[in-house]
Amino acid sequence: MQQKSKLFLQALKYSIPHLGKRMQKEHLNHCNFADHYFNRIKLKKYHLTKCLQNKPRISELARNIPSRNFLCKNFLSSKQGNEKPLSENMDAFEKVRAKLETQPQEEYEIINAEIKHGGFVYYQEGCCLVRSKDEEADNDNYEVLFNLEELKLEQPFIDCIRVAPDEKYVAAKIRTEDSEASTCIVVKLSDQPVMEASFPNVSSFEWVKDEEDEDVLFYTFQRNLRCHDVYRATFGDNKRNERFYTEKDPSFFVFLYLTKDSRFLTMNIMSKTTSEVWLIDGLSPWDPPVLIQKRIHGVLYYVEHRDDELYILTNVGEPTEFKLMRTAADTPAIMNWDLFFTMKRNTKVVDLDMFKDHCVLFLKHSNLLYVNVIGLADDSVRSLKLPPWACGFIMDTNSDPENCPFQLCSPIRPPKYYTYKFAEGKLFEETGHEDPITKTSRVLRMEAKSKDGKLVPMTVFHKTDSEDLQKKPLLVQVYGAYGMDLKMHFRPERRVLVDDGWILAYCHVRGGGELGLQWHADGRLTKKLNGLADLEACIKTLHDQGFSQPSLTALTAFSAGGVLVGALCNSSPELLRAVTLEAPFLDVLNTMMDTTLPLTLEELEEWGNPSSDEKHKNYIKRYCPCQNIKPQHYPSIHITAYENDERVPLKGIVSYTEKLKEAVAEHAKDSGEGYQVPNIILDIQPGGNHVIEDSHKKITAQIKFLYEELGLDSTSVFNNLKKYLKF
């Protein structure tokens, strides 16, 4: 249910132990997280080389809570004897990787996580961790380092790879699609590579080298979806594994991020609204860490380093949106931070990348994408407006000081590669292949006026040659929680729907992060109903402007997005014909009153504390989907849930479904003959993951449901879907 992150912010990307209820904490559990981890993609005639270091970047992180002081005794600052690792089973780590949802058959080939280090590329080939020389990375000439089958996991995949500075060791985090649990293996690189160690439930991990040229692995443990412990380990003749830090506040989690120049390892301690960062010297990792600024309630900050200066992305000061500040590395406290760059109003900072002479900001302003290139020598700024079809960035981790590569994507077209070349001061677009969807479809940026006058952005897609759009089916998507943006990366099944005449509408309601931190603040706690009003206004605006009609309108969401969808079904069911939900958060009140659940305490800043605050309790009762079901006509609803989902407990989804069926049956009794009873379907999938995004079974079941409920012929859509999915 919660959010995700990239630090500098991608650090979060794979390190945050919770997305949002959306996928996040990706939007998961009771929350989601994270923006997503994208694999490299190859196209038939050329490929988009995404040099993935799976390194976290600075992107969308979250928020905060009460501050507390740290004492030096919280850290073990000198080399000590071996400490026994935690013996108890640690529970699930957070899904911070979002693959392109489907496995392509013809045009698109998904390539697993890879990292370049020295002259080698490390990646997964089949069920093995392998490496090959950089120039031979696309050939079959590789060295097998480890066979994943030795772990005896069901269909394991490598989620993240880190190589030690001198290439004596490589560490890889391994997961399975049906579980959030992970295992980190450490392989010694030699003539005969051998697994040196394995650690369960690792979230983030990074290598540094100490003064004696010994490789030190720092990693975080996750227990019950909570990431509170940091360990450090060495291998070989001087093997040790010791706990370095434990966060005591259950509202905070910990993740690690290595600055791009590898000068500092940052330990980021965060809640939804507050953060605190400690610097671990990348040259002397056994020295005590240095605190940049102790946590201040409501203050978020993330840190990069360049030439003995810290660059700090923070919301401190007015307005309370992100701004870039800097200070000398030896005077890191907040009173020394100097304002360096401010963002325009209604701007979301998507990511930040640091280079030798430039800082690059990836921004979303008024629902359009921009790149700002800041010259660090002369403080010059160049702002580049990106193509209007683009809806999201896919970041490349790249060590080339002269170029900044990235990809742009949208829900209906595969990512396209762009490179900004600093020497020429120009943005170069990959050429040689133009997706036909650019000519056969349109993307519109629209706004709806909510009840209080706020303008709510929407992104709408439809075929260029569509006639009489009022008679076309409409699929609306919403999230609106944790300050997370709607996921707008490429999804082949969305592409197929547009090709088949559907209109797609993405509603960027309050509670999400599309217009910055205030946009999120205006849709959380006792302002959650703003998001519901925004969603209703968006759908009514679409209908009023000739985009479809209620009898042809479907609404979809996952994780925390289920709150607004479920609330709309209770308050304005006449706007919809069908709904699909995945791992939806529907029982807000009972979930937030159960502090034994893994993420309840971390979620208090998003939903409120109904156990101790009567105001919060009464407010949640006003919109909680499970609390407001009543006998009336409902749209047909298809719910996909996962048997062992720890983020959104199955119990709440089952309770909602049973209450809804009872209300539908009661209403049908009084509706007379000829009344078409809506279908309420609960599809419980095995496994313990929060959302299994690339499940072909799930995708086809949802599309089949939508076509049947809207009375559409599905022949062509399934034929087209076969171009992308392997059945």
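Reader: Let's start with Lys168. Is that residue buried, exposed or partly exposed?

Author: Lys168 counts as partly exposed, because its relative accessible area is 42%, which falls between the 20% and 50% cut-offs. Keep in mind that this is a predicted model.

Reader: And which side chain does Lys168 meet in a salt bridge?

Author: That's Asp166, with 3.5 Å from N to O. Asp166 is partly exposed as well, because its relative accessibility is 27%.

Reader: How many salt bridges does the structure hold?

Author: There are 32 of them.

Reader: Show me another one. What does Lys272 pair with?

Author: Lys272 meets Glu603 in a salt bridge, at 2.9 Å from N to O. Lys272 sits in the loop between strand S17 (264-270) and strand S18 (275-281), while Glu603 is in helix H8 (residues 600-607), so this pair links parts that are 331 residues apart in sequence.

Reader: Are those two buried or exposed?

Author: Both Glu603 and Lys272 are buried.

Reader: What follows H8?

Author: Gly608 does, and its phi is positive, near 100°.

Reader: Back to salt bridges. What about Glu429, which residue is its partner?

Author: Lys416, and the closest N and O atoms are 2.4 Å apart. Glu429 belongs to strand S31 (residues 426-429) and Lys416 to strand S30 (residues 413-421), so the parts tied together here are 13 residues apart in sequence. Glu429 counts as partly exposed because its relative accessibility is 41%, whereas Lys416, at 3%, counts as buried.

Reader: Which residues are joined into a network by salt bridges that share partners?

Author: Arg306, Asp307, Lys356 and Asp357 are joined into one network that way.

Reader: OK, new topic: the whole chain. How many helices and strands are there?

Author: Twelve helices and 39 strands. The chain has 727 residues, and 65% of them count as buried. Its accessible surface comes to about 26,000 Å², with 47% of that belonging to carbon and sulfur atoms.

Reader: What's in the largest nonpolar core?

Author: It has 90 residues, and Leu535 and Trp607 are the ones with the most contacts inside it. Trp607 is also one of the buried residues of H8.

Reader: And what is Leu535 in contact with?

Author: Setting aside neighbours within four places in sequence, Leu535 contacts Val476, Val478, Cys507, Val509, Leu555, Leu564 and Leu568. There's also a second, separate core of 25 residues, which includes Tyr311, Leu324, Met343 and Ile374.

Reader: Why would nonpolar side chains end up together?

Author: In soluble globular proteins, nonpolar side chains tend to be buried together.

Reader: Tell me about the sheet with eight strands. What's the order?

Author: The order is S32-S33-S35-S34-S36-S37-S38-S39, in an open sheet with mixed pairing. Strand S32 (441-449) and strand S39 (680-685) are at the edges with a single partner strand each, so one side of each has no neighbour in the sheet. On average, neighbouring strands of this sheet are turned by 20° against each other, direction ignored.

Reader: How many bridges join S32 to S33?

Author: Nine, and S32 runs antiparallel to S33 (residues 455-463). Leu444 stands opposite Val460 in S33.

Reader: Which helix packs on the sheet?

Author: Helix H5 (residues 528-544) does, touching S32, S33, strand S34 (474-478), strand S35 (503-507) and strand S36 (553-558). The direction of H5 makes about 125° with that of S32.

Definitions and conventions
Residues are numbered from 1 along each chain as its sequence is written. This is a predicted model: local features need pLDDT of at least 70, side-chain atom pairs count only at pLDDT 80 or more; totals for chains, interfaces and linings use all residues. Side-chain values use heavy atoms; hydrogens and water are left out. A nonpolar core is a set of buried Ala, Val, Leu, Ile, Met, Phe, Trp, Tyr and Cys residues joined through side-chain atoms within 4.5 Å. Buried means under 20% relative accessible area, exposed over 50%, partly exposed in between (1.4 Å probe, protein chains only). Contact means heavy atoms within 4.5 Å. Helices (H or I, at least four residues) and strands (E, at least two) are DSSP runs, numbered from the N terminus. Accessible areas come from the Shrake-Rupley method with a 1.4 Å probe; for residues, only the protein chains shown count as cover. Two strands pair if DSSP finds at least two bridges between them. Axes are lines fitted to C-alpha atoms, for helices over the stretch in contact, and angles run from 0 to 180 degrees between N-to-C directions. A salt bridge is a side-chain nitrogen of Lys or Arg within 4 Å of a carboxyl oxygen of Asp or Glu.
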